[in-house]
2 protein chains.
Amino acid sequence: MRVVIIGGGAGGLSTASNIRKYDKDADITVITRDKHVAYSPCAIPYVMCGEVESFDDIIMHTPEDYRDRNIKILTETEVEGVFPEKKTVTYRRGEEAGEIPYDVLVIATGGSPFIPPVEGVDLEGVFTIRSLTDGEKIAEWASKSKSAVVVGAGLIGLEMAYGLLRMGLEVTVTEMLPQIVPRSLDPDMAAIVQEYLEEKGIRVILGKALERITGDERVERVMVGDECIDADMVILATGVRPEKKLAEMAGCETGQWAVRVNERMQTSVPDIYAVGDCVEVHDAITGFRTQSPLGSAAVRQAKVAAKNIAGMDAVFRPVLNAMVSKIGELEFGSVGLTEVTALQNGIKVVSGKKRALTKARYYPGAERIDVKMICDLNGRIIGCQIVAKERVAERIDTMSLAISQGMTCAELAETEFSYAPPVSMVIDPIILAAEDACEKLKRVNNKKAE
Amino acid sequence: MRVVIIGGGAGGLSTASNIRKYDKDADITVITRDKHVAYSPCAIPYVMCGEVESFDDIIMHTPEDYRDRNIKILTETEVEGVFPEKKTVTYRRGEEAGEIPYDVLVIATGGSPFIPPVEGVDLEGVFTIRSLTDGEKIAEWASKSKSAVVVGAGLIGLEMAYGLLRMGLEVTVTEMLPQIVPRSLDPDMAAIVQEYLEEKGIRVILGKALERITGDERVERVMVGDECIDADMVILATGVRPEKKLAEMAGCETGQWAVRVNERMQTSVPDIYAVGDCVEVHDAITGFRTQSPLGSAAVRQAKVAAKNIAGMDAVFRPVLNAMVSKIGELEFGSVGLTEVTALQNGIKVVSGKKRALTKARYYPGAERIDVKMICDLNGRIIGCQIVAKERVAERIDTMSLAISQGMTCAELAETEFSYAPPVSMVIDPIILAAEDACEKLKRVNNKKAE
């Protein structure tokens with residue numbers, strides 16, 4: 001079986017590795033535009049802020065490592081065409097062009113940064129961030145800069161902003177919407193993260209759109225709304241658009257967001273699979289199609305695709321978009337719907353909230369923790385957000401499990417959690433938030449009954 | 001309503017506080033033998049090892065704090081009799097004796113340390129550990145000592161051993177069974193913890209029973225098996241026996257382990273409840289009666305008792321004994337059955353195992369993590385043990401939830417976890433252990449089919 005995989009990111013390479021695990025004989029070729037493979041793009045900001053020493057550290061495997069496992073990697077190679085009738089792809093690498101036949105094709109083309117259609121985005125010193133090479137260029141430019149504007153206050157924007165701050169730059173983050181992290185956090189929880197960033201010295205401007213970038217060849221000033229900010233560099237972190245061109249060329253059905261796949265990660269074209277940021281998934285709560293542009297989702301999809309390609313049987317379940325980030329000392333995470341997205345989907349909710357501590361209160365290093373739990377009016381938990389300086393990620397995972405199991409806040413409030421003074425409170429903040437949700441639910445239902 | 005509560009530990013005081021929350025008018029009296037109330041006995045070892053500064057720090061409330069909430073506390077007071085026919089208890093405080101009527105009585109008498117019936121346990125320098133006063137006495141004696149033997153390698157024994165080590169003593173832990181933490185860890189996982197303790201400088205002797213303690217007035221030598229150890233002090237951490245004397249006096253039914261209660265925490269005698277270490281609970285996996293001598297269990301039972309006493313309706317569910325401890329930098333935890341206890345209960349199992357990391361492997365501070373997941377032959381998860389230098393407690397909570405929801409390893413392996421390089425691996429060690437369990441299960445079932 002000849003498998004060709006387009007894309008050398010988490011989705012593409014995990015598919016390759018997993019197929020090899022299940023099928024020793026498959027002929028596997030990965031084609032990537034990128035110079036590097038198997039690095040962790042999520043870690044780029046952490047190299048910038050100095051927590052990880054160098055960009056080399058975040059390269060986990062070389063093309064040679066894959067070759068040793070009998071996986072061919074073509075780097076810096078562009079796929080130019082996909083021909084499902086004759087089952088081939090054509091590619092170009094510099095001057096060299098070629099054609100490869102496939103029995104199974106996997107499209108893992110990821111996404112490309114969205115560039116706002118305004119004046120000045122092509123000036124020197126304006127960057128988008130997607131690849132390791134982007135990261136290296138940004139770090140290089142930043143080392144000669146004094147100030148930066150980051151446009152977009154999603155995860156990548158904030159993580160990059162903090163990286164630049166730690167490199168010694170004066171940093172402003174601008175966001176069109178009235179809050180930071182609008183995809184994953186409600187305004188009240190986002191405010192806690194914003195306060196931390198501002199304490200660290202990042203300026204945050206909300207509710208203003210990027211108007212233009214000006215300068216003579218290189219960036220000098222950024223206009224957001226009515227405000228003019230001097231800056232030596234600009235990072236456009238204004239979202240990522242799925243790369244669906246090749247899939248469309250192959251005749252694969254696409255939807256509002258990206259490439260359509262079934263739960264086995266198959267596109268509408270026989271023997272073509274797709275995984276990662278370029279595909280649409282289903283939201284586990286609303287049932288609607290959505291995007292899940294997370295490395296962890298790509299890896300899970302890759303495993304499903306690989307199993308099916310290798311003749312086994314696997315399905316990819318609807319997503320809860322469990323995410324976590326760490327900026328400086330602050331961890332924040334989210335899973336399921338926010339209060340805002342629930343209301344947008346016509347779901348009435350109550351939100352249990354609790355501010356507590358991560359350890360027994362007398363224990364040195366006990367940190368404040370904020371938990372917000374979103375429940376529908378039957379008490380079913382449909383989302384959770386947590387902010388604290390430690391131990392957030394695993395609590396998000398606990399909540400991902402609770403939501404996927406359809407638990408109510410009342411059931412969760414009765415669940416048994418572990419306890420020891422150096423690592424937890426005798427009643428976990430999650431349980432306290434669930435109890436608060438139960439109380440609020442009671443009040444709402446009593447009012448209804450009146 | 002007059003409520004009398006016997007016992008000022010986690011069970012008794014949480015019951016008092018919770019009743020007050022639900023019933024502003026109840027007349028609440030707590031009677032305790034102890035000098036202090038509302039301290040965290042679990043934290044005593046952490047004061048000894050210097051992580052918490054003083055014993056005063058772990059006292060969370062004074063009797064006055066309770067008085068302010070209209071809860072009477074009688075300290076250093078011994079209940080002498082319980083008379084259900086006339087609904088009174090009699091007590092003695094030094095010379096003073098009295099009788100108090102009750103409408104509802106709550107027995108929260110906890111447990112007392114078991115003292116092995118051997119020669120020398122009454123020598124000066126031999127201690128048991130239960131109360132803050134015990135902790136103070138041990139710390140005082142230890143400050144003048146050079147070496148200690150801790151008998152019993154359960155949680156309390158090991159935590160105390162580490163505390164004494166940090167105070168500068170030469171410490172030996174002895175355990176009759178062939179492994180440490182026999183209640184919660186399988187031998188393979190216990191070995192990881194033991195290795196850490198030995199690295200730190202604690203000597204561990206397994207499979208040898210305490211024969212006698214010798215010395216002239218004060219401890220000088222300890223005989224375990226055929227071995228003689230010089231020591232200035234001995235801590236007997238050989239388990240705790242439920243204090244059921246008063247309950248028996250009141251005519252409450254008791255079982256093999258302790259006081260019998262129904263799921264509303266009611267004893268067999270009308271208007272007498274019992275909570276905490278003195279009661280029996282049901283094991284969620286085996287269905288059998290067992291003990292759950294954990295502060296977290298006492299607090300959850302207290303809430304159930306208080307709600308029922310206040311006229312609401314609540315039940316206490318069978319337990320999974322979710323526990324966690326931290327010794328030095330090492331966290332370890334367990335929930336549900338171990339492989340050993342499963343086999344003892346006639347349950348055939350497979351164990352998924354994974355050694356992985358707590359963060360992305362290039363991230364500074366990534367620590368080794370070991371996960372062992374026990375599944376029955378239908379794949380249902382019935383237990384999990386985790387050892388690592390960080391982020392164990394919340395993973396145990398995740399597993400507690402998975403087990404309580406009846407999840408199989410296959411379902412868990414498909415669950416969505418969060419990911420960011422500074423806080424997790426792209427595939428969580430729990431998922432990897434679940435996948436390992438699935439593989440092993442397949443092999444077992446294939447063998448059966450042959």
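Over the ring of which residue does the charged end of A:K86 sit? The charged end of A:K86 is placed over the ring of A:F83, 5.2 Å from its centre; a charge sits over a ring if NZ of Lys or CZ of Arg is within 6 Å of the ring centre and within 35 degrees of the ring normal. In chain B, B:K86 lies over the face of B:F83, at 5.2 Å from the ring centre. The model is predicted, and local features need pLDDT of at least 70, while side-chain atom pairs count only at pLDDT 80 or more. Residues are numbered from 1 along each chain, and side-chain values use heavy atoms, without hydrogens and water.

Four aromatic pairs were found over all chains (rings of Phe, Tyr and Trp, the last by its six-membered ring, with centres within 6.5 Å; planes under 30 degrees apart count as stacked, over 60 as edge-to-face and the rest as tilted). One of them, A:Y46 with B:Y363, is edge-to-face, at 5.7 Å centre to centre and 75° between the planes. This pair joins two chains, because A:Y46 belongs to helix α2 of chain A and B:Y363 to the loop between β23 and β24 of chain B. A:Y46 is buried at 3% relative accessibility (buried means under 20% relative accessible area, exposed over 50%, partly exposed in between, with a 1.4 Å probe and protein chains only). B:Y363 is likewise buried, at 7%.

The rings of A:F127 and A:W141 also form an edge-to-face pair, with centres 5.9 Å apart and planes at 70°. A:F127 lies in strand β9 and A:W141 in helix α4, so the pair ties together parts 14 residues apart in sequence. A:F127 is buried, with a relative accessible area of 12%, and A:W141 is buried at 11%.

Notes. Chains lettered and ligands numbered in written order. Helix = DSSP H or I, 4+ residues; strand = E, 2+ residues; numbered from the N terminus.
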